[in-house]
Amino acid sequence: MLEVSGLRAAYGRIPILYGIDLEIGAGEVVGILGHNGMGKTTLMKTLIGLVPATGGSIVFDGADVTREKADRRARRGMGYVPQGRAIFPRLSVRENLRMAALAAGGSDESAVDEVLADFPRLEPLLEREGGALSGGEQQILAIARCLCTRPRLVLLDEPTEGIQPSIIEQIAENLAALRASRGLTMVLVEQNLDFTAELSSRVLLIQKGEIVRALPPESLRDPEIVAEFVGVGAGAD
């Protein structure tokens with residue numbers, strides 16, 4: 001479904017991605033792990049089109065989307081849940097969901113109904129402003145809003161950041177159910193190793209803007225691997 005070859009990206013004159021190669025099949029959930037500053041978020045933004053590629057190619061479902069804008073990629077079936085959620089805080093939950101559905105060119109009511117069936121926790125919150133929700137509820141809204149575009153590939157950047165454990169468990173259950181029911185393909189940037197291991201088919205390790213290793217999810221329980229590849233560093237991500 002997704003083929004990335006020699007992908008490079010930069011912020012101005014500062015290179016961040018140095019030649020990413022990866023392939024993701026339909027229905028896979030692939031985790032991306034690495035220290036801060038290694039290019040995880042830049043990779044996600046480049047895949048969705050928010051950061052322009054300076055080299056290499058991105059092929060989604062057989063189409064070269066390397067030079068396409070983010071909205072065009074979204075209409076092809078790519079979805080993105082950014083770090084920090086980026087919901088509309090002054091709009092209601094319902095309005096957040098409807099805007100996403102309409103932006104994707106679909107029927108807002110049918111898309112919202114489908115998403116509420118998957119995320120019933122949002123139903124009693126529909127008229128509440130997004131900014132009045134708890135952090136966990138905002139994250140659920142961000143994921144639900146993305147799904148209103150009916151994507152086939154979802155890019156999730158740090159979906160458990162700052163969220164209490166009970167909500168993390170619920171999000172993991174929701175995503176696993178969506179993978180089974182909708183056949184969703186997912187790319188997951190996440191520092192919560194249990195969450196990553198539970199959802200991922202395989203895990204890719206990124207260092208200094210390159211994919212350096214592929215691991216089975218169960219290897220995340222190896223403390224030596226965790227110490228080497230996951231932690232806090234410095235620099236742009």
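Good morning. Helices, of at least four residues, and strands, of at least two, are DSSP runs numbered from the N terminus. With those labels in hand, I turn to the model, which is predicted.

I begin with two loop residues. Glu158 sits in the loop between β7 and α6. Its phi is near 55 degrees, a positive value in a residue that is not glycine. Most residues other than glycine have a negative phi. Asp61 likewise has a positive phi, near 55 degrees, and belongs to the loop between β4 (53-60) and β5 (63-64). Is each of these residues buried or exposed? Glu158 is buried, with a relative accessible area of 10%, whereas Asp61 is partly exposed, at 47%.

Next, please look at strand β7, which contains Leu155. This leucine has a relative accessibility of 0% and therefore counts as buried. Which residues does Leu155 contact, once neighbours within four places in sequence are set aside? They are Met44, Leu47, Ile48, Gly79, Tyr80, Val81 and Val187. Leu155 and Leu188 are separated by 33 residues in sequence, while their C-alpha atoms are 6.2 Å apart in space.

I now come to the nonpolar cores. The largest holds 38 residues, of which Leu97, Phe119, Leu122 and Leu175 touch the most other members. Two or more residues are given to this core by each of α3 (93-103), α4 (108-118), α5 (135-147), β7 (153-157), α6 (165-182), β8 (185-189) and α7 (193-199). Helix α5 supplies the largest share, seven residues. Another core of 29 residues lies apart from this one, and its members include Val4, Ile20, Ile24 and Ile206.

Let us return to Leu122 for a moment. Leaving out residues up to four places away in sequence, Leu122 touches Val93, Leu116, Glu137, Ile140, Leu141 and Ala144.

Finally, the cysteines. How many disulfides does a search of the whole structure find? The search finds zero. Cys146 is in no disulfide, and the nearest cysteine sulfur, in Cys148, is 9.1 Å away.

Thank you for your attention.

Notes
Residues are numbered from 1 along each chain as its sequence is written. This is a predicted model: local features need pLDDT of at least 70, side-chain atom pairs count only at pLDDT 80 or more; totals for chains, interfaces and linings use all residues. Side-chain values use heavy atoms; hydrogens and water are left out. A disulfide is a pair of cysteine sulfur atoms within 2.5 Å. A nonpolar core is a set of buried Ala, Val, Leu, Ile, Met, Phe, Trp, Tyr and Cys residues joined through side-chain atoms within 4.5 Å. Buried means under 20% relative accessible area, exposed over 50%, partly exposed in between (1.4 Å probe, protein chains only). Contact means heavy atoms within 4.5 Å.
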